[in-house]
Amino acid sequence: MMQTQTTCPYCGVGCGVRATVSDGVVSVQGDEAHPANFGRLCVKGASLAETTGLAGRLLHPQLDGETVGWPQALNAAGERLRAIIAEHGPQAVAFYASGQLLTEDYYAANKLMKGFIGAGNIDTNSRLCMSSAVTGYKRAFGADVVPCSYEDVEHSDLVVLVGSNAAWAHPVLYQRLVQAKRDNPQMNVVVIDPRRTATCDIADQHLAIAPGTDAGLFVGLLQAIAETDKVNADFADAAIALEKAAGWTGSRSRGFLRPARRRSSGVLPALSRRTARHHSLHHGH
Ligand code: SF4
């Protein structure tokens with residue numbers, strides 16, 4: 001029997017996994033000593049052992065259903081690409097690559113598209129995932145770093161989940177949050193999301209804003225906090241940000257709430273009071 005400590009590759013929670021091989025059969029369990037999950041695994045991580053077999057995998061190149069060698073497969077792909085470009089031009093081709101490529105793989109794929117095919121039609125799912133977060137981190141904190149740990153989230157008085165259905169997307173972190181709220185009923189959870197998701201089950205407040213209006217809500221929130229004189233203005237461009245926020249009254253921001261919710265006129269003042277005391281933001285991606 002052989003046991004290996006490893007990490008679940010599926011999502012950013014990064015759960016620790018103990019993989020055991022016994023008589024050629026792999027099984028997995030959550031690593032109880034791992035600081036991310038303390039033994040918990042969601043259904044994806046718990047099913048990892050099922051992904052280790054070779055059944056159903058593409059082990060050799062195939063051309064029109066027939067197994068062929070690499071030279072034949074590469075020549076066929078090249079010829080077909082060349083024929084499309086000859087007939088329709090380079091803009092007729094696009095690559096949508098995986099976010100799991102390594103840096104060198106990205107470089108090679110970009111070189112092929114931009115340097116050889118001659119079009120800029122290449123993107124990856126990374127754009128939908130981390131690139132928006134990285135841009136936000138750099139602008140807000142000056143570096144691509146996540147500014148808190150899971151323990152910080154558990155010890156927060158107020159957790160604001162913005163566009164994040166953590167119950168589905170980051171289930172182990174969500175379970176830690178559920179436990180933290182059970183241990184500390186004073187913890188406040190606010191979910192900002194147009195939809196009522198499973199994460200709302202632990203929300204003290206669900207702000208169902210209209211899609212695409214979150215920036216307006218945050219500017220209104222800044223103004224609401226400014227009105228309580230609780231703004232720590234020691235951040236870059238604070239004067240400009242506060243000046244821009246000045247016209248964003250509570251009633252203007254409340255206009256973003258979906259009609260059924262507009263009656264909750266205390267939403268912004270209540271949230272801003274809580275946020276002014278303490279805040280912990282978790283963005284979904
Ligand atoms: S939450 Fe689930 S998918 Fe994400 S790392 Fe943990 S076990 Fe894997």
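Predicted model: local features only at pLDDT ≥ 70, side-chain atom pairs only at ≥ 80, totals over all residues.
Let's start with the ligand. Where does the ligand sit? In the largest cavity. Around the ligand you'll find Cys8, Tyr10, Cys11, Val13, Gly14 and Cys15, then Leu41, Cys42, Lys44 and Gly45, and finally Val172.

Is Cys8 buried or exposed? Cys8 comes out at 12% relative accessibility, and the cut-off for buried is under 20%, so Cys8 counts as buried. Cys42 is at 18%, so Cys42 goes down as buried by that cut-off too. And how many disulfides turn up when you search the whole structure? The count is 0.

Moving on to the core. The largest nonpolar core has 14 residues. The ones with the most contacts inside that core are Val159, Leu161, Tyr174, Leu177, Met187, Val189 and Ile202. As for which elements give two or more residues to it, we've got strand S8 (158–162), helix H6 (166–169), helix H7 (171–183) and strand S9 (188–192). H7 gives the largest share, 4 residues.

Last stop, Gln62. You'll find Gln62 in strand S4, residues 62–63. If you go from Gln62 to Gln72, that's 10 residues along the sequence and 9.5 Å in space, C-alpha to C-alpha.

Okay, that's me done.

Terms used
Residues numbered from 1 in each chain as written. Heavy atoms only, no water. Disulfide = S-S within 2.5 Å. Buried < 20%, exposed > 50% of the residue type's maximum accessible area, 1.4 Å probe, protein only. Near = heavy atom within 4 Å. 1 Å grid on protein atoms, 1.4 Å probe; cavity = no way out; pocket = protein on both sides within 12 Å on 5 of 7 lines; lining within 4 Å. Sits in = over half its atoms within 2 Å of the grid points. Core = buried A, V, L, I, M, F, W, Y, C linked by side-chain atoms within 4.5 Å.
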